[in-house]
There are 2 protein chains.
Amino acid sequence: MSGRLYIVGLGPADERWLTLEAQEALAQAQDLIGYEPYVARVPMREGQTRLASDNRVEIDRAREALERTAAGRIVAVVSGGDPGVFAMAAAVFEAVDHGPQAWRDLDIRVLPGVSAMQAAAARLGAPLGHDFCAISLSDNLKPWDVIEKRLEHAARGDFVIALYNPASRARPGRIADAFALLRRFLPGETFVSLAKSVGREKEEILLTQLADVDPAQVDMSTLVVIGASGTRRIARQGARDWVYTSRKAT
Amino acid sequence: MSGRLYIVGLGPADERWLTLEAQEALAQAQDLIGYEPYVARVPMREGQTRLASDNRVEIDRAREALERTAAGRIVAVVSGGDPGVFAMAAAVFEAVDHGPQAWRDLDIRVLPGVSAMQAAAARLGAPLGHDFCAISLSDNLKPWDVIEKRLEHAARGDFVIALYNPASRARPGRIADAFALLRRFLPGETFVSLAKSVGREKEEILLTQLADVDPAQVDMSTLVVIGASGTRRIARQGARDWVYTSRKAT
C-alpha cells in the first residue's frame, strides 16, 4: 500500500494564516517532519510521530519523508510560509529527481500557504500591488555573482523587490553588499522596509529609504521590501505610514 | 464611532485555501464589497449587505468601502487570491492617498491569502522554489513599453516568471507579443506552463516549452509560468510531470 506526502505551508506565524486544507492535512498525518520551530507550531496529536531536525539538512529531511511515504505512511513535511517559495517543496522534488524511480509514482501534494512576503506586505499596506520579484540572498547553493545579476535586473526592471534570507551567521555582510549594489541603480529615496518576525510577538516594522537603511538592523527574521518607482508612502499621524505600489507605472 | 475595513483574499478557488483570519473577517463584516464572482463565493449571512460590482470599477469600489468604513460600518472588500497581489489592496490605498484626510485615520487591515501563482505552483510541483517575479500583462494602467522592459529584465536576470492577466477581450494578442519578446532572450526549450482555473472544476494544466507554446491556448483564467535555467521537469508515467526550480542556480 502506498502512502501520501503532504508538503504543507504553515504561514509565517500562528494558525490564523493557516488554510483549511493545511489544517486537515496536519490532522491526518501520521508522521510530521520539519525544521524544529515549525514542527513545534503544530498542535500535538496522539499517535503522530514528530521528526524535528536542524535547518541545514533539507535534502535529508526530504528523503526521510519520501522513504516513509513509499513505506505507506501519511506524511506531512511542514514549512513556514508557503512551502513552494524558498522552502521544502523544491527540496522534496529535487530529492525525487535524484532518487529511486519508484518515488515518481508517489502521491505528493503541495498545499500552498501565506508567504512571509505576503504577510509583510499586508502589514505595510500594498507594496506588492504591482510587478514584483522575490530573491533569496542565501549563497549556500548559488554563487554570489548570480545574486548580483538578479539584483541588478530587478532594479533596472523597476520591480518591487522582496529579499529573503538577507542575513546569516556565516555571512552577515551580504545585505550590506546588496544595498550597495542597488544604490548604483536606484535613487536614494527608494522606499525600503525591514519587516521582522511578522505576525509574531516580536514583530517590528521599520520604514526607511535606500540612502539611509542600516544593514546592521537586518537579522535572520527580517523580510526586506524595496520599492519601485510607483511605490508611494501615505503619511499618517500617530500611526505608521501606509505604503502601496500604484498600478499606474511611471 | 469609526468602523473597520478588512481587505480579504479568498484564494484562487473554494474555501479550502481560505485562512482562519479571512473566515473570521467575512463572518464579522456588515458590508461585503467586491467583484461579483468573488462576492458570490462567500456564504450568505443574514443581515450582511452585499455590494457586487463589475471588474472595471476597482477605484469606485474602494471609495464605497472607505465611505462605509468612515460611517462606522464593519466592511470587507473581497478579492480572489491574495488581495495584495494585483488586486484590491493597492486600489484601496490609492483611494486613501487621493481621498479625504480623515480616511488616513481609518482602521484598515489587509488579510493575506493564497495567490493564483502559488496555487498553480503547488499543482505543478515547486517551480517558484527559487528566485521569481510576477508581472501583470494588463496595459490598462501602464504603457506596453514598461511591460516589455520588465519582461526583458526578468528574462536576462534568469527569474522564473509568473504572468498575470495574460489575455483580455480588449487585447487578446498581448501574450503572443510577450512570448515573442521572451524568445529573444531565452532558449526555446525554456519550460512554460499554462495553468487554467486552478482549484476549480475546469482546472486544466498544460506543460510545454517556449518554442512551442500556443498563445491561442491562453485565456483570462490562465496563469502562465515560465521557467528559469534551474527549472527541471521530472518525467512520470501515467501522470503529469512534476516541475521544480533547483535551489542551485546554474
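What does the secondary structure of chain A come to, in helices and strands? In this predicted model, chain A contains 7 helices and 13 strands. Along the principal axes, the C-alpha atoms of chain A fill a box of roughly 60 × 40 × 35 Å. The radius of gyration of chain A is 19 Å, which agrees with the value near 18 Å that a compact globule of 250 residues would have.

Within chain A, the packing of two helices was examined. The axes of helix α3(A), residues 58-70, and helix α4(A), residues 88-97, come within 8 Å and cross at roughly 65 degrees. Because angles of 65 to 115 degrees count as roughly perpendicular, α3(A) is classed as roughly perpendicular to α4(A). The crossing of α3(A) past α4(A) is right-handed. On the side of α3(A), the contact is made by A:Glu58, A:Ile59, A:Ala62, A:Arg63, A:Ala65 and A:Leu66; α4(A) contributes A:Met88, A:Ala91, A:Val92, A:Glu94, A:Ala95 and A:Val96. By class, the residues of this contact comprise 9 nonpolar and 3 charged, with no polar residue.

In chain A, 58 residues are in contact with 58 residues of chain B. On the side of chain A that touches chain B, 29 residues are nonpolar, 12 are polar and 17 are charged. Strand pairing also links the chains: strand β7 of chain A and strand β7 of chain B, each spanning residues 132-136, pair in the antiparallel sense over 3 bridges. In this pairing, A:Cys133 has B:Cys133 of β7(B) as its bridge partner.

An open sheet in chain B was also examined. The sheet is formed by 3 strands in the order β6-β13-β12, with mixed pairing. Strands β6 (125-126) and β12 (231-234) of chain B each have a single partner strand and stand at the edges, so one side of each lacks a neighbour in the sheet. Among the paired residues, B:Ile234 has B:Trp242 of β13(B) as its bridge partner. Helix α4(A) packs on this sheet and touches β6, β12 and β13 of chain B. The direction of α4(A) makes about 120 degrees with that of β13(B).

Methods
Residues are numbered from 1 along each chain as its sequence is written. Chains are lettered from A and ligands numbered from 1 in the order in which they are written. This is a predicted model: local features need pLDDT of at least 70, side-chain atom pairs count only at pLDDT 80 or more; totals for chains, interfaces and linings use all residues. Two residues are in contact if their C-beta atoms, placed from the backbone, lie within 7 Å. Ala, Val, Leu, Ile, Met, Phe, Trp, Tyr, Cys and Pro count as nonpolar, Asp, Glu, Lys and Arg as charged, and the others, Gly among them, as polar. Two strands pair if DSSP finds at least two bridges between them. Helices (H or I, at least four residues) and strands (E, at least two) are DSSP runs, numbered from the N terminus. Axes are lines fitted to C-alpha atoms, for helices over the stretch in contact, and angles run from 0 to 180 degrees between N-to-C directions. Angles under 35 degrees count as roughly parallel, over 145 as roughly antiparallel, 65 to 115 as roughly perpendicular and the rest as oblique. A crossing is left-handed if the near helix is turned anticlockwise from the far one by less than a right angle, and right-handed if clockwise. The radius of gyration is taken over C-alpha atoms; the globule rule is 2.2 Å times the number of residues to the power 0.38.
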